[in-house]
Amino acid sequence: MGIMNQHADIYDYIIVGAGSAGCTLAYRLTEDPKVKVLLLEAGGKDSNMWIHIPVGYIKTLDMPSLNWRFETEPEAGTNNRAIPIPRGKVLGGSSSINGMVYVRGQPLDYDTWSQLGNRGWSYESVLPYFKKAENYESSDNPARGKGGPLNTSEGTERAEVLDAIIDAAEQSGYPKNLDYNSGDQEGFGYFQVTQKNGRRWSTAKAYLEPAMGRSNLHLEIKAQTTKVILEGKRAVGVAYRQGGREKQARAGREVLLAAGAVQSPQLLELSGIGDPAVLGAHGIEVVHALAGVGANYQDHYIVRQTWKVKQPITLNEQTRGFFIAKEVLKYAFTRKGIMTFPGGILSGYVRTRPEVAGPDVQYTIVHASFKDVKKRVFDTHPGMTIAPCQLRPDSRGTIHIKSSDPQAAPAIRGNFLAEENDQRTIVAGMKIARTIVGAPALAAYAGDEIDPGRDVNTDDEFLAFARAYGNTVYHPVGTCKMGSDPMAVVDDRLKVHGIEGLRVIDASVMPTLVSGNTNAPTIMIAEKAADMLKQDAKVG
């Protein structure tokens, strides 16, 4: 439970985590000069140059100084491998190390949340917050935002073989889609990106930097929150560790956990809020029993299929020797070229069978192939990768503490490909990719299939390859899910059930995984939560 230090600094709100949600909240809550906010971040400043050069994500995704570098527990369903789960440990959080692709998902995603009983979370209700966040450079579509802090744009670069893949998809019955964020996701087109003038546009740049000039925002970096301090059933502050010292801060109004889907449930459990069986196993006193903390974990599981390319027009050769020297100079002077490429360059959204309500597979496509995916080492021959993931998996995993030590990483159990529908969908996605590559538009480009290779043909063989070589797309959600059922952790105003003065505001509150990358929806959640906090403060 903890005793609050009476000499602790007092703020209206304490935000734990300066990531995609935390930076957004800090900016919006400090718009009122009378509101005093403390923002705590376990990582440091976003000063590393590889954060800001878009192609630097290749390095930041495995850089210990910027990344928690979590891994899943080995599980039989994915061949007992430890699968990487990178999470940003720096200002901007994962928005400072991610692939920079901007995807809202499908209207169906949010209407599903609403159908589950979460008032105010339908697509119609959340669209204004997507628009409020955004400054979309490329069109005046009424579904898109203008003037918001988060700059989104079309990537400036195209590639010959990627254009051919779009044509091949169309020949295979999958349409072109120039704006998959307009409310209709289906089809193939280039990813939109969170960049500005050829630089990464993280939430640290978009939201935190403009707010730092305000005297009512106090930021502490390299400050790892260790627990929420509770008096009875009310959150009154937090304890954190900074520079080897134990510190406390008091919240006059509310504590806001924005530590992400891995660490928000971890913090709740460390604070005595969660499943009594989990807490008891680690000697933590149960302050409030809440069975759903750490349950309902979902992520996008992706399988990379690769082909040789017949012409030397891929990133495999354009990132070596004379080519890369020329590109570095080009970027330095124009902020264009291959140095601006995001983590995924081309996207595709398809239905694997006619009866599904919307596309159920997303393709992430690049004109590159990797000899070592984890280390991002390119093949020596020209190559391309088409990687399907199932958008709305049925499988559910867990994220729970495995120690009462706040420094210890939690146990992440994905339970990937456990459900039959997930198995069927990923296999169908792999087969469709092979069909597209066989279309006439790619005849001049597509060479031998490297992975899984032409000796893989049956459903069982495709599934075995997916289990052996699949990874996640780093989209963990759901571990503090929103709802009113017995396994819900927060209500539809993101208040923790049974605890006053405590909310969770990040991707962990998603009851179901959205159909695409999770950064844009997480920022939307924080934009909407900021309005709720302002409304509730007036009522209170």
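Tyr 110 and Trp 113 both sit in helix α4 (residues 107–115), three residues apart, which is about one turn of the helix. Helices here are DSSP runs of H or I with at least four residues, strands are runs of E with at least two, and both are numbered from the N terminus. An α-helix has 3.6 residues a turn, so residues three or four places apart point the same way.

Before going on, a word on the model: it is predicted, so local features need pLDDT of at least 70 and side-chain atom pairs count only at pLDDT 80 or more, while totals for chains, interfaces and linings use all residues. Residues are numbered from 1 along each chain as its sequence is written, and side-chain values use heavy atoms, with hydrogens and water left out.

**Rings and charges**

How many aromatic pairs does the structure hold? There are 14 of them. Rings of Phe, Tyr and Trp (its six-membered ring) pair if their centres lie within 6.5 Å; planes under 30 degrees apart count as stacked, over 60 as edge-to-face and the rest as tilted. Why is the pair of Tyr 110 and Trp 113 called edge-to-face? Their ring centres are 5.0 Å apart and their planes are at 75°, so the pair gets that label. Phe 370 and Phe 378 have centres 4.9 Å apart and planes at 25°, so this pair is stacked.

Tyr 110 and Trp 113 are both buried, and Phe 370 and Phe 378 are buried too. Buried means under 20% relative accessible area, exposed over 50%, and partly exposed in between (1.4 Å probe, protein chains only). Ring pairs also join Tyr 110 and Trp 113 with Trp 121, Tyr 123 and Phe 130 in a cluster.

The charged end of Lys 89 sits over the ring of Trp 68, 4.4 Å from its centre. Over the ring of Tyr 27 you'll find the charged end of Arg 214, 4.7 Å from the ring centre.

**Where α4 meets α5**

Back to α4 and its partner, helix α5 (residues 123–133): the two pack at an angle of about 120°, with their axes 8 Å apart. Axes are lines fitted to C-alpha atoms, for helices over the stretch in contact, and angles run from 0 to 180 degrees between N-to-C directions. The angle makes α4 oblique to α5. On this scale, angles under 35 degrees count as roughly parallel, over 145 as roughly antiparallel, 65 to 115 as roughly perpendicular and the rest as oblique.

Which residues make the contact? From α4 come Pro 107, Tyr 110 and Asp 111, and from α5 come Tyr 123, Val 126 and Phe 130. Contact means heavy atoms within 4.5 Å. These residues split into five nonpolar, no polar and one charged. Ala, Val, Leu, Ile, Met, Phe, Trp, Tyr, Cys and Pro count as nonpolar, Asp, Glu, Lys and Arg as charged, and the others, Gly among them, as polar.

The buried residues of α5 are Tyr 123, Val 126, Leu 127, Tyr 129, Phe 130 and Ala 133. Their cover includes α4, β5 (134–136), β6 (150–154), α7 (203–211) and α14 (519–539).

**A few loop residues**

| Residue | Relative accessibility | Class |
|---|---|---|
| Thr 194 | 3% | buried |
| Thr 319 | 26% | partly exposed |
| Met 212 | 38% | partly exposed |
| Met 100 | 1% | buried |
| Asn 296 | 14% | buried |

Thr 194 lies in the loop between β8 (192–193) and β9 (195–196). Leaving aside neighbours within four places in sequence, Thr 194 has contacts including Met 100, Tyr 102 and Leu 150. Met 100 is in the loop between β4 (84–85) and α4, and its phi is near 70°, a positive value in a residue other than glycine. Asn 296, with phi near 65°, is another non-glycine residue with a positive value.

Thr 319 belongs to the loop between α10 (315–318) and α11 (321–334). Apart from neighbours within four places in sequence, Thr 319 is in contact with Ile 324, Ile 338 and Phe 378.

Finally, the peptide bond from Asp 451 to Pro 452 is cis, with omega near 0°. Pro 452 lies in the loop between β26 (446–451) and α13 (459–469).

Definitions and conventions
A charge sits over a ring if NZ of Lys or CZ of Arg is within 6 Å of the ring centre and within 35 degrees of the ring normal.
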